[in-house]
Amino acid sequence: MEISVFEAINWPEALAPGRSPIHFTNELEVEASPETIWSLLVDPRTWLSFYPGVEHVQLLDGHDSLHLGTRFETNLAGQDVFASVQEFQPVTRIAWSGYPKASEASRAYHAWIITPTPRGSHLWTEETMQGPLWIELAKQDPEVFWRTHENLLAALAKIATERENRAG
C-alpha cells in the first residue's frame with residue numbers, strides 16, 4: 001500500500017492540519033536530484049539565495065547544517081523566528097517547528113518531502129500555522145503564505161538546477 005505525502009508528515013497533534021486555521025501545500029517537479037535539493041535545505045547558509053524574506057539564519061547548537069533537534073533563529077518576513085528541526089530523514093524528509101519571538105502563541109510546522117522522479121525530484125512542502133500574528137497577516141493577504149512558498153519552490157528549483165548543471 002502506498003502512503004500519501006500527507007500521511008508521511010508526522011504532524012504534532014497540536015499543529016495538525018485539522019486544528020490549524022492556516023494550512024497550505026505547495027509542490028513542484030524539479031530537474032535536480034534529491035541529494036542536491038537536500039543539500040540546500042539543510043545548509044542555512046544557502047537560504048538567502050532562494051528563501052524569500054530570509055535575512056539571516058543562526059544555528060544555535062554548534063552545527064554547520066540542520067540535524068534532528070537543531071535549534072535555529074532566523075528573520076523571516078520581518079519576524080524574528082525561533083525554530084527547531086522536528087523530523088529528519090536524510091534526502092527525503094525534514095520538518096521544523098517554531099514561533100515568532102514577538103508572539104510565542106503563534107506557532108508553525110513546516111515539512112518538506114523530496115521524492116525521486118525519472119527527471120529529478122518531486123518537492124512537496126506543507127505548513128500549518130496558528131496564533132494571532134499569523135492569523136492577522138493572513139487576514140491582510142489571504143494568499144501571502146501560499147504565494148511565498150510558490151516563490152520559494154521556484155527559487156529553490158532554480159538554484160538546485162544551476163548547482164547540478166555546474167557539477168554536471
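Reader: In the hairpin of β4 and β5, which residue takes a positive phi?
Author: Happy to start there, with a note that this is a predicted model, in which local features need pLDDT of at least 70, side-chain atom pairs count only at pLDDT 80 or more, and totals for chains, interfaces and linings use all residues. Residues are numbered from 1 along each chain as its sequence is written, and side-chain values use heavy atoms, leaving out hydrogens and water. The hairpin has 3 residues between the strands, and the one with a positive phi, near 70°, is V91.

Reader: How many bridges pair β4 with β5?
Author: Strands here are DSSP runs of E with at least two residues, helices are runs of H or I with at least four, and both are numbered from the N terminus. Two strands pair if DSSP finds at least two bridges between them. In β5, R93 is the bridge partner of Q89. Strand β4 covers residues 79-89, and its antiparallel pairing with β5 has 8 bridges.

Reader: Which residue of β6 is the bridge partner of R93?
Author: A hairpin through 6 residues leads from β5 to β6. Strand β6 spans residues 107-117 and runs antiparallel to β5, with 6 bridges joining them. In β6, the partner of R93 is I113.

Reader: Why is β5 largely enclosed by the rest of the structure?
Author: Buried means under 20% relative accessible area, exposed over 50%, and partly exposed in between, using a 1.4 Å probe and protein chains only. R93, A95, S97 and Y99 point one way from β5, while I94, W96, G98 and P100 point the other way, and all are buried. Strand β5 (residues 93-100) is largely enclosed because its buried residues number 8 of the 8.

Reader: What share of the residues of the chain count as buried?
Author: Let us step back to the whole chain, which has 4 helices and 7 strands. From the N terminus on, the order is α-β-α-β-β-β-β-β-β-α-α. Among the 168 residues of the chain, the buried share is 46%.

Reader: What percentage of the contacts with a separation of 6 or more comes from residues 24 or more positions apart?
Author: Contact means heavy atoms within 4.5 Å. Along its principal axes, the C-alpha trace of the chain spans about 45 × 40 × 30 Å. Within the chain, of the contacts with a separation of 6 or more, the part from residues 24 or more positions apart is 52%.
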